[in-house]
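Work through the exercises below with the model open. Try each task before reading its solution.

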Amino acid sequence: MYFAALLARTEDGWEASDIELDNVETLADLADLARESAADDGETVIVFIEQEDAWFGVVRVDGEDDPRVFVSNAAAAARSSYGEILTSELLGDDDRDGALDELTDLDGTEDGEPEHEDEDDDAAATAGIAPAGPLGEGLILADLGMTERDLIDLTEDALGEIADAIGASDILEAVR
């Protein structure tokens, strides 16, 4: 079970709303959804996604800038559909659909073994593995009042703690 909320900063403070992620397949889709919810271009929008206290993710979109991402437990998130969207972007594995094409030749047979192996090949093989812990930009909310250490240490009621830190706790009950 997922919970997703959106916090948009406006001239009058923060506005909160719950969001549906049914049509979100990529981080770009999520960023577009966040931008659409902003009243004005350039506003900061925070997307919060949580899966049953197993992990949470924070995506920050500032206007047309690239989205910034933090995931509390990348290994747990990578095993879920919405978490995989976030972790694959952070791990540089955003071409999941093209991965099968690289495994087979045009005739459908598997590629042979590499001509040579070295330590760089071993490192590349493990590059896409999500760590059992935080992943992403720990300073994602630092300018809004939440330190990296505080973000990493969140366990229960992460959304409530984030809302308190950024000054949005008064509007949070609208989405819970």
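**Exercise 1. The cavity**

Task: Find how many cavities of 30 Å³ or more the structure holds, then state which residues line the largest cavity.

Solution. 
- Step 1. Count. This predicted model holds one cavity of 30 Å³ or more.
- Step 2. List the lining. A5, L6, L7, I46, V47, F48, L159 and I162 line the largest cavity.
- Step 3. Assign elements. Strand 1, strand 3 and helix 7 (158-166) each give at least two residues to this lining.
- Step 4. Classify. The lining has eight nonpolar residues, no polar ones and no charged ones.

**Exercise 2. The fold in outline**

Task: Give the order of helices and strands along the chain, and state what share of the residues is buried.

Solution. 
- Step 1. Count the elements. The chain has seven helices and six strands.
- Step 2. Order them. The pattern along the sequence is β-β-α-β-β-β-α-α-α-α-β-α-α.
- Step 3. Take the burial. Of the 176 residues in the chain, 39% are buried.
- Step 4. Take the surface. The accessible surface is about 10300 Å², and carbon and sulfur atoms account for 43% of that area.
- Step 5. Check contact range. Consider contacts between residues at least 6 apart in sequence: 54% of them join residues at least 24 apart.

**Exercise 3. Helix 1**

Task: Name the buried residues of helix 1 (residues 27-37), and state which elements they pack against.

Solution. 
- Step 1. Apply the cut-off. Buried means under 20% relative accessible area. In helix 1, L27, L30, A31 and A34 are buried.
- Step 2. Look down the axis. The buried residues of helix 1 fall within an arc of 100°, so they line one face of the helix.
- Step 3. Find the partners. The buried residues of helix 1 pack against strand 1 (2-10), strand 3 (44-51), strand 4 (55-62), strand 5 (68-71) and helix 3 (81-90).
- Step 4. Link back. Strand 1 and strand 3, both among these partners, also supply residues to the lining of the largest cavity.

**Exercise 4. S72**

Task: Is S72 buried or exposed? Which residues does S72 touch, not counting those up to four places away in sequence?

Solution. 
- Step 1. Locate it. S72 sits in the loop between strand 5 and helix 2 (74-78).
- Step 2. Compare with the cut-off. The relative accessible area of S72 is 17%, so S72 is buried.
- Step 3. List contacts. Leaving out residues up to four places away in sequence, S72 touches W55, F56, G133 and P134.
- Step 4. Take a distance. S72 and A54 are 18 residues apart along the chain, and their C-alpha atoms are separated by 8.8 Å.

Note on methods: Residues are numbered from 1 along each chain as its sequence is written. This is a predicted model: local features need pLDDT of at least 70, side-chain atom pairs count only at pLDDT 80 or more; totals for chains, interfaces and linings use all residues. Side-chain values use heavy atoms; hydrogens and water are left out. Helices (H or I, at least four residues) and strands (E, at least two) are DSSP runs, numbered from the N terminus. Buried means under 20% relative accessible area, exposed over 50%, partly exposed in between (1.4 Å probe, protein chains only). Contact means heavy atoms within 4.5 Å. Accessible areas come from the Shrake-Rupley method with a 1.4 Å probe; for residues, only the protein chains shown count as cover. The arc is that of the directions from the helix axis to the C-beta atoms. On a 1 Å grid over the protein atoms alone, a cavity is a set of points where a 1.4 Å probe fits but cannot get out, and a pocket is an open set with protein on both sides within 12 Å along at least five of seven lines; lining residues have an atom within 4 Å of a point. Grid points are joined across faces, edges and corners, and a volume is the space filled by probe spheres set on the points. Ala, Val, Leu, Ile, Met, Phe, Trp, Tyr, Cys and Pro count as nonpolar, Asp, Glu, Lys and Arg as charged, and the others, Gly among them, as polar.
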